Amino acid sequence: MEANTRGTGRLPAAFLTPGSSSFTEFLDAYQPELLPSRRTLPATPVTVEAPHGTTIVAVTFPGGVVMAGDRRATMGNLIAQRDIEKVFPADEYSCVGIAGTAGLAVEMVRLFQVELEHYEKIEGATMSLEGKANRLSQMIRGNLGMAMQGLAVVPLYAGFDVGLGIGRIYNYDVTGGRSVEQGFTSVGSGSLFARGSLKKLYRDDLSAEDAVTVCVQALYDAADDDSATGGPDVSRKIYPIVTVVTEDGLDRWSDERVGGVVQTILGERLIRPNGPNAPVN
Amino acid sequence: MTTPFYVSPQQAMADRADYARKGIARGRSVVVLTYADGILFVAENPSRALHKMSEIYDRIAFAAVGKYNEFENLRIGGVRYADIRGYSYARHDVTARGLANVYAQTLGTIFSSGGEKPYEVELIVAEVGSTTADDQIYRLTYDGSIADEHHYVAMGGNADQITEQLKRTHREGLPLDEALRVAVDVLGRDGSGEKRTITAAQLEVAVLDRTRSQQRKFKRIVGAQLARLLGEAAPAAEEPADTAADGAAADGAGEANGAAENGSTPKAEGSPEE
């Protein structure tokens, strides 16, 4: 009743018209102004200083996938926020991490979460992981206009494929192009350094705990060389966000638990500042 | 020139009410009752895919009797209403009271407008609170009347008889297995008063469980868990409702998104039965 500002108290006809089980498509027909992709862009490109999220890493292991993100948002040379959350649960079996313009990215994640939940409720069944990944592609394409203005959003999507029984990672580019990553990947400004680190630490028989350690090591290496990526902030107890998705669903690790991993890594780095050595041969 | 017959407004409304009531009474009943950890929904429904009760939002669920295509339409409308509201405001701002109001307005307008056939449905909108005292159950009838129910409610079939029996057998704060047995017992006694045994395969059971760690409290109880809860040797101790990771995922089959039966044979069961 309160939500319906357009007429009487009854549900508007659009609500009772059978049709799509997609929330975005329904919004597009009913209240398009709520959709980020329907926003009008300024005619001439302008440079906007807005907080940017930085590095996200993801690693698969037998039986699941781990995603972790640092906590820094930057605006030019400033640190805009030191405890931003950039890894979100998308639904029970998947999570999404964001790099790029934080404000737009968080909105995209919110819409994506509702999209998945809405489908599940209307259809009475969950969407396939592939289907979810494709929905996210379409949302990134909707943001292309903004991306051309310098406000790009590049998510990383990871989930447990209930049908196949494995963890999968989907990487995106700014045009919505999508690729399935084998083993590990990273996005954001520190992703080059994180990827190098992941490459040396990744094995295909990691346990969930080891996969988390690999992710935190990679974020540490990214923060080491990229000023926009935040390392673990021990004095403020701000640690990376770590999410583990397995057959049992999504588990966001508590700060204490991640803190334990961080402390171990820091202890080792006091002896060997560049992190663990990979064998030469 | 012919003069149209005069039908008094009272008579017109009484006829429409009669029409709707008959349609609703033809189906089997749905029982909704509170238990220690939340709200329990039980219905006799042989179909695994055509549900009489569903999730609307985090703490809100929906149950219905009557014509499937009509209440399915209302259910989808409710999910859209809740999701739009939760998206543009906050998840906390979606309430059962708001939703019940919208349904009441919708049903009321349809009932009193001469152009539309009245909906042959009765709905329950329930919201689980953080304590038993905060649980809310609203019952909506075909004409848009809304009633704030406490502890238990039955609709469809012999709802009045079942309510009478529930008054005797339902207590506050029952554990889940006992509450379920109370509900199954009263469902099996409808009609002539003789007792039928209803098996797990004939039941549709769901809960809004406030102890569930997820944001979404709705969960279907199916398969082994349902059989265990119904089992005669079930322990008196409270069963945790939450074993599967996700209720909605566990129910598997996709729901037919439209009319499951044709409009000319109003029947309250979700699926055709002999």
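This is a predicted model: local features need pLDDT of at least 70, side-chain atom pairs count only at pLDDT 80 or more; totals for chains, interfaces and linings use all residues.
How many bridges join strand E1 of chain B to E8(B), and do the two run parallel or antiparallel?

**View 1. Pairing of strands E1 and E8 in chain B.** Strand E1 (residues 30-35) of chain B is joined to E8(B) by 4 bridges, and the two strands run antiparallel. Within this pairing, Val31(B) stands opposite Ala154(B), a residue of E8(B).

**View 2. The open sheet of five strands in chain B.** The 5 strands follow the order E8-E1-E2-E9-E10 (chain B), with antiparallel pairing. At the edges lie strand E8 (152-155) and strand E10 (218-221) of chain B, each of which pairs on one side only. On average, neighbouring strands of the sheet are turned by 15° against each other, direction ignored.

**View 3. Helices H5 and H6 of chain B on the sheet.** Helix H5 (residues 176-188) of chain B packs on the sheet and touches E1, strand E2 (38-44), strand E9 (203-209) and E10 of chain B. The direction of H5(B) makes about 30° with that of E2(B). Helix H6 (residues 223-230) of chain B also packs on the sheet, where E9 and E10 of chain B are touched. The direction of H6(B) makes about 75° with that of E10(B).

**View 4. The contact between chain B and chain A.** Chain B contributes 43 residues to the contact and chain A contributes 36 residues. About 3500 Å² is buried between the two chains, and carbon and sulfur atoms give 54% of this area. Of the area that chain B buries against chain A, 27% is supplied by Arg80(B), Ile84(B) and Tyr87(B), more than by any other three residues.

**View 5. Polar and charged pairs across the interface of chain B and chain A.** The interface holds 4 salt bridges. One salt bridge links Arg91(B) with Glu117(A), whose closest N and O atoms are 2.8 Å apart.

**View 6. The side of chain B that touches chain A.** Strand E3 (53-57), helix H2 (68-88), helix H3 (96-112) and helix H7 (247-250) of chain B are the elements that give two or more residues to this side. The largest share, 15 residues, comes from H2(B). By residue class, this side of chain B divides into 16 nonpolar, 14 polar and 13 charged residues.

Technical notes. Residues are numbered from 1 along each chain as its sequence is written. Chains are lettered from A and ligands numbered from 1 in the order in which they are written. Side-chain values use heavy atoms; hydrogens and water are left out. Contact means heavy atoms within 4.5 Å. Buried area is the accessible area (1.4 Å probe) that two parts lose on being put together, summed over both. A salt bridge is a side-chain nitrogen of Lys or Arg within 4 Å of a carboxyl oxygen of Asp or Glu. A polar contact is a pair of N or O atoms within 3.5 Å; within protein, one must be able to donate a hydrogen and the other to accept it, and residues adjacent in sequence count only if both atoms are side-chain atoms. Ala, Val, Leu, Ile, Met, Phe, Trp, Tyr, Cys and Pro count as nonpolar, Asp, Glu, Lys and Arg as charged, and the others, Gly among them, as polar. Two strands pair if DSSP finds at least two bridges between them. Axes are lines fitted to C-alpha atoms, for helices over the stretch in contact, and angles run from 0 to 180 degrees between N-to-C directions.
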